[in-house]
Amino acid sequence: MTFPISDASPVTWPGPHPVRADVVVIGGGVIGVCTALYLAQGGQHVVLLEKGRIAGEQSSRNWGWIRQQGRDPDELPIMAEANRLWRVLASQTNVDIGLTTGGVTYLAVKAAEMEEYAAWLPHAKAAGVDSRLLSGAETAALIPGMSRSYAGALHTPSDMRAEPWVAVPALAGIAARAGAVIVENCAVRALDIAAGRVAGVITEQGRIAAPDVVVAGGAWSGLFLRRHGVAIPQLSVRATVAATAPLPVVHPGAATDDRIAFRPRADGGYSLAAGGFHELFVGPDAFRALPKYLAQLRADPFGTRLLPAAPRGFPDAWGTARRWGAEEQSPFERMRILNPAPNRAKVKALTRDFAALFPEIGPVRIASAWAGMIDTMPDVVPVVDRVADIPGLTIGTGMSGHGFGIGPGMGKILAALVTGDKAGHDLTRFRLSRFNDGSAMQIGPSV
Ligand SMILES: Cc1cc2nc3c(=O)[nH]c(=O)nc-3n(C[C@H](O)[C@H](O)[C@H](O)COP(=O)(O)OP(=O)(O)OC[C@H]3O[C@@H](n4cnc5c(N)ncnc54)[C@H](O)[C@@H]3O)c2cc1C
């Protein structure tokens, strides 16, 4: 397969760029798209602005797992709702998004992992999620043909997957049919602030007046917000994916062990990745945020490889402008689509590991490889909050590597935050103030 969304993709949503709206949503990833969708379905005049293409960045490049398993307990009820919402949304799209209930399985190499999984299970039970432990023999029976034997597994039959590069543009289609105006190739340079509150946005095409703005800018949110004095310790890490050519079915669901994560795609191939491996390009934000990340580094000291500097134009590259005038070109329009090169050595290792894990599958040929920049927070949960100091501003960002599956749940919450309706979930954990109110960074308990 060739990766479907790039700078060369035709513009599906040219606008028109309106002069006013009830709500402007910045960012056409899964979070912005779902927020716009629920706002439009609720009768708001919403404009969704995307600097490149809908789902051009992380939201199309991810593994496509719609996963309740292993989630942070504060996210779990939202994720369980998102699971239900995905089914509803899949019936409203006019294309097949590949939504499949294949389950998710974490394969335990050591007995200690089984203990961690067992400790997490009560959270699943409390949220009504059907996760359970499998013995070594049950694991081998669930996924036959594996050359490794495992101590057991954590398995959630109701977890799903979808094809992200089809699904998120299809959700944008639902939003547009509900009345949302979507403008691609339209970077927001700055908020328009008047009398201390949001008055709208200034884009590369002009001004849009709006009393409410939602920032759902993925890896760019921190850069955008800092210009307005809102500091979030957001960083981005590179994650590489290898896509095989079609192969026999080894297992209909998604699974991961300590070396490799795999899931079948609708086209008959597998998407492969190295579960716990990420690469951080060190830049000024990384230095600034380091103290907040110490808890994460202690919990997983070898999970992230450091690289000296980000390529030109990346959000945390050394040369990326941190200040710009609202009438000048901004870093957002200088890079329409953040498209990191995949780690080729990792692609080779994944090919070898998959072939070794399933010796009877035959030759494994890689059809395509890509990478995405995952935006993350020190406590691996997002910021979903209104900004007290700037009335009219709402943030939904920092989905920390698991925002695709939870997208509809978070979009519904963000829409409710804007309209003042009940969010239906406890959002305390996701508050913006946790980074400066003296709170210790709390990671998990997630597995
Ligand atoms: C390799 C990989 C594997 C992953 N696997 C999974 C998985 O299996 N399951 C899962 O749940 N999650 C997964 N994730 C994480 C998931 O993809 C993200 O958490 C999610 O897509 C984040 O969505 P978002 O809308 O917040 O950000 P994004 O998708 O990054 O969207 C933000 C958008 O905002 C636009 N934008 C930014 N600034 C501006 C501006 N100033 N003006 C206009 N537009 C702007 C950007 O161009 C971008 O399109 C994975 C991520 C990667 C990279």
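These legends describe close-up views of a predicted model.

**View 1. Helix α1 crosses helix α11.**
Helix α1 covers residues 30-41, and helix α11 covers residues 403-419. Their axes come within 7 Å and cross at roughly 45 degrees. That angle makes α1 oblique to α11. The crossing is right-handed. From α1, the contact takes in V30, I31, C34, T35, Y38 and L39. From α11 come G403, F404, G407, P408, M410, G411, K412, L414, A415, V418 and T419. By class, this contact of α1 with α11 has 11 nonpolar, 5 polar and 1 charged residues.

**View 2. Helix α1 also meets helix α6.**
Helix α6 spans residues 164-177. The axes of α1 and α6 come within 8 Å and cross at roughly 20 degrees. Angles under 35 degrees count as roughly parallel, so α1 is roughly parallel to α6. The crossing of these two helices is left-handed. On the α1 side, V30, V33, C34, A36, L37, A40 and Q41 make the contact. The contact of α1 with α6 counts 11 nonpolar residues, 1 polar residue and no charged ones.

**View 3. Helix α3 packs on helix α11.**
Helix α3 runs over residues 76-90. Its axis lies 7 Å from that of α11, at an angle of about 95 degrees. Angles of 65 to 115 degrees count as roughly perpendicular, so α3 and α11 are roughly perpendicular to each other. Helix α3 brings I78, M79, E81, A82, L85, W86 and L89 to the contact. Helix α11 brings F404, G405, I406, P408, G409, M410, K412 and I413. The contact of α3 with α11 divides into 11 nonpolar, 2 polar and 2 charged residues.

**View 4. A cavity lies inside the model.**
The structure holds 1 cavity of 30 Å³ or more. The largest cavity has a volume of about 150 Å³. It is lined by 15 residues, and L235, S236, D285, P315 and D316 are the closest to its centre. Three elements each supply at least two lining residues: α7 (221-226), β13 (235-244) and β17 (278-281). The largest share, 3 residues, comes from α7. By class, the cavity lining has 9 nonpolar, 3 polar and 3 charged residues.

**View 5. The second largest pocket is shown with its lining.**
This pocket holds about 220 Å³ of space. Its lining includes H228, G229, V230 and A231. D385, V387, A388, D389 and I390 line the pocket too, as do L432, S433 and N436. The lining of the second largest pocket has 6 nonpolar, 4 polar and 2 charged residues.

The peptide bond from G15 to P16 is cis, with omega near 15 degrees. P16 sits in the segment before β1 (23-26). The bond from G444 to P445 is cis as well, with omega near 10 degrees. P445 falls in the segment after α11. A195 is not a glycine, yet it has a positive phi of about 50 degrees. A195 is in the loop between β9 (188-194) and β10 (197-203).

How values were computed:
Residues numbered from 1 in each chain as written. Predicted model: local features only at pLDDT ≥ 70, side-chain atom pairs only at ≥ 80, totals over all residues. Heavy atoms only, no water. Axes fitted to C-alpha atoms, helices over the stretch in contact; angles between N-to-C directions. Helix = DSSP H or I, 4+ residues; strand = E, 2+ residues; numbered from the N terminus. Parallel < 35°, antiparallel > 145°, perpendicular 65-115°, else oblique. Left-handed = near helix turned anticlockwise from the far one by under 90°. Contact = heavy atoms within 4.5 Å. Nonpolar A, V, L, I, M, F, W, Y, C, P; charged D, E, K, R; others polar. 1 Å grid on protein atoms, 1.4 Å probe; cavity = no way out; pocket = protein on both sides within 12 Å on 5 of 7 lines; lining within 4 Å. Points joined across faces, edges and corners; volume = space filled by probe spheres on them.
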